[in-house]
Amino acid sequence: MASKYQKISALAEETAKNISRSGYDWMDYLDTASRLYKYPFKDQMLIHAQRPDATACASLELWNNRMGRWVNRGAKGIALIDDSSDWPRLKYVFDVSDTHRGRDARDPYLWELKAEDHDALVEHLQSRYESVSSHNVVDALREAAEEQVRDHLDEYADRLNFAVYGSFLEELDELNLRSRLSLTMEASIVYMLLSRCGLDVMDYVEEDYFDYITDFSTTASLSQLGTAVTEIAEPMLSDIGRMLRTREYQKNRKESLEQVEKNQKPIYNEFSELTRESKMKGANEDERSDSNGVHEQRGVSDSEPDDRGSAEETAGAVRTDEEELSEGASERIVSGAAPERETDGASSGDRSDSGREDGTSGETDGRQRGSE
């Protein structure tokens, strides 16, 4: 009977064949990869095979300890191959849909490109990539992707040369091999960028852009292509995510400060009105005193009406408002925290082995960790 590790290894081989059967199958995989762009190709491929609709994956420990979320009881983990040591083994991750919120829980940050962000993204791309000259967001993303492929093609072509044995690429000369690698890389990266940015990919990318995907007919050759696409797309998408998060933070902060200023204006207006009324009342009283021939330095009898109490009450009212104004002016309401490191979903940096051997969560109340 095959072990769990052997089954997942066989699944990886089978998935490599499936996603390279046609341009449509490859695009289907790219949709998953665009959401989970921080994972390496081999992990993206296995996540696609087991949970193609996943949006944000992380280990049980990361969900519990860093995100304050608890993996649902009985949730089935996504099995990945951990070959970081001399003894390869399985590790498990869980999608955010397999978790629920605990105390002080954090939601994974999943950035979204809105129509109002298009111009800002184009300006950002123009500042980052020398060849980006278009003012259209789709063309700007395409130009950025093409520049990155040109800059790194030599490196990835050299790697592919050692992995073509047994594939349909084996009989090609160096020029044709580089050409097919370059075209497929460009189309794949553009697809991932447009897909993750929420743009209608099929309006700009056709299935025949991936006609050469069937030539990458072995796991070794396809892995070289997939790794090249992921290693170029990941920093580009991470950069876009950071830009959008900073933009969102600045927008929220500006709106909060404007709201503070708006809330303070009525307080100032009320204070100014009370001060003006107090001065007018005092001037009127002085005018009446002068017309009656009564001067303050002559003094008044005990039977004279005492207007000082009214004046003190008015002054007291003004002082009270001054104190309230001072307290209100000292308040600062700033929404949002300073931009943190961008994480598209939960970070994949912490991927220690978790869960039971079958990948299911062993939690009884959403808090107890499972064991392999």
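I looked up Y29 first: at 2% relative accessibility it counts as buried (under 20% relative accessible area, exposed being over 50% and partly exposed in between, with a 1.4 Å probe and protein chains only). The model is predicted, so I kept local features only at pLDDT of at least 70 and side-chain atom pairs at pLDDT 80 or more, while totals for chains, interfaces and linings use all residues. Residues are numbered from 1 along each chain, and side-chain values use heavy atoms, without hydrogens and water.

Next I checked the ring partners of Y29. Y29 and F41 form an edge-to-face aromatic pair, 5.7 Å centre to centre with 80° between the planes (Phe, Tyr and six-membered Trp ring centres within 6.5 Å; planes under 30 degrees apart are stacked, over 60 edge-to-face, the rest tilted). Y29 lies in helix α2 and F41 in helix α3 (residues 41-50), so this pair ties together parts 12 residues apart in sequence. Helices here are DSSP runs of H or I, at least four residues, numbered from the N terminus. F41 is buried too, at 4%.

I then took W26, which is buried with a relative accessible area of 0%. W26 and Y29 are both in α2, three residues apart, about one turn of the helix. Ring pairs link W26, Y29 and F41 into a cluster.

Last, I noted two charges over rings (NZ of Lys or CZ of Arg within 6 Å of the ring centre and within 35 degrees of the ring normal). R196 lies over the face of W111, 3.9 Å from the ring centre, and R245 over that of Y109, at 4.2 Å.

Terms used: Helices (H or I, at least four residues) and strands (E, at least two) are DSSP runs, numbered from the N terminus.
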